[in-house]
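Here is a brief report on one protein chain. Keep the sequence and the structure in view while reading.

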Amino acid sequence: MALKDTLLRVFTWWNGQTVSVALDTARAGTFVGEDELGNKYYKAEGALIDRSVGSERRWVVYNGYADASKVPPGWRGWLCHNVDVAPSEEAYTPRPWQKPHVENQTGTANAYRPAGSQLSWGSRPAATGDYAPWTPGE
């Protein structure tokens, strides 16, 4: 590992896992599975934090830049304790109407820009003249 990679792991949290997360994962983490984006999911038993979720802690080690929109819906439900069974432990087939997971496109060329937005391509439509501003006292 290069010096730059080592320093990034020590001082940043958004580039994969930090050194402390790597140590915690090696010490107490149990590997649960990996998604199609390369994110790795772990769990561990610990002290009771919240009675509604019990003592099991669950976390993800991102493959690259840490962005919560990179977590597919099935894994998101497992991380938030909405479901007890991880997607790697069940045979799930998506419904025909379900779209594949796409990470957040905000800030990229693929971001959604509706017609009339200042960031959309082309020119904005002309004002229609049907707007009457409110004036106090009227």
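Ser 55 counts as partly exposed, at 24% relative accessibility. The model is predicted. Ser 55 belongs to strand β3. Its C-alpha lies 8.4 Å from the C-alpha of Ala 44, and eleven residues separate Ser 55 and Ala 44 in sequence.

Glu 56 is buried, with 16% relative accessibility.

## Salt bridges

How many salt bridges does a search of the whole structure find? The search finds three.

| Pair | N to O distance |
|---|---|
| Asp 24 and Arg 27 | 3.2 Å |
| Lys 43 and Glu 56 | 3.8 Å |
| Glu 56 and Arg 58 | 2.6 Å |

Take the pair of Lys 43 and Glu 56, bridged at 3.8 Å. This pair links distant parts of the chain. Lys 43 sits in strand β2 (residues 40-50), Glu 56 in strand β3 (residues 54-61), and the two are 13 residues apart. Lys 43 is partly exposed, at 27% relative accessibility.

Glu 56 also meets Arg 58 in a salt bridge. Arg 58 is buried, with a relative accessible area of 15%. Shared partners join Lys 43, Glu 56 and Arg 58 into one network.

Arg 27 is exposed, at 65%.

## The nonpolar core

In soluble globular proteins, nonpolar side chains tend to be buried together. Which residues make up the largest nonpolar core here? There are ten: Val 32, Tyr 41, Val 60, Tyr 62, Ala 66, Val 71, Trp 75, Trp 78, Leu 79 and Ala 86. Helix α3 (residues 73-79) gives the most to this core, with three residues.

Ala 86 is one of the core residues. Leaving aside residues up to four places away in sequence, Ala 86 touches Val 32, Trp 75 and Trp 78.

## After helix α3

His 81 is found in the segment after α3. Its phi is near 65°, a positive value in a residue other than glycine. His 81 is partly exposed, with a relative accessible area of 23%.

## The largest pocket

How much space lies in the largest pocket? The volume is about 540 Å³. The lining has 17 residues. Nearest the pocket centre lie Pro 72, Pro 73, Gly 74, Tyr 92 and Pro 94. By class, nine lining residues are nonpolar, five are polar and three are charged.

Notes. Residues are numbered from 1 along each chain as its sequence is written. This is a predicted model: local features need pLDDT of at least 70, side-chain atom pairs count only at pLDDT 80 or more; totals for chains, interfaces and linings use all residues. Side-chain values use heavy atoms; hydrogens and water are left out. On a 1 Å grid over the protein atoms alone, a cavity is a set of points where a 1.4 Å probe fits but cannot get out, and a pocket is an open set with protein on both sides within 12 Å along at least five of seven lines; lining residues have an atom within 4 Å of a point. Grid points are joined across faces, edges and corners, and a volume is the space filled by probe spheres set on the points. Ala, Val, Leu, Ile, Met, Phe, Trp, Tyr, Cys and Pro count as nonpolar, Asp, Glu, Lys and Arg as charged, and the others, Gly among them, as polar. A nonpolar core is a set of buried Ala, Val, Leu, Ile, Met, Phe, Trp, Tyr and Cys residues joined through side-chain atoms within 4.5 Å. Buried means under 20% relative accessible area, exposed over 50%, partly exposed in between (1.4 Å probe, protein chains only). Helices (H or I, at least four residues) and strands (E, at least two) are DSSP runs, numbered from the N terminus. Contact means heavy atoms within 4.5 Å. A salt bridge is a side-chain nitrogen of Lys or Arg within 4 Å of a carboxyl oxygen of Asp or Glu.
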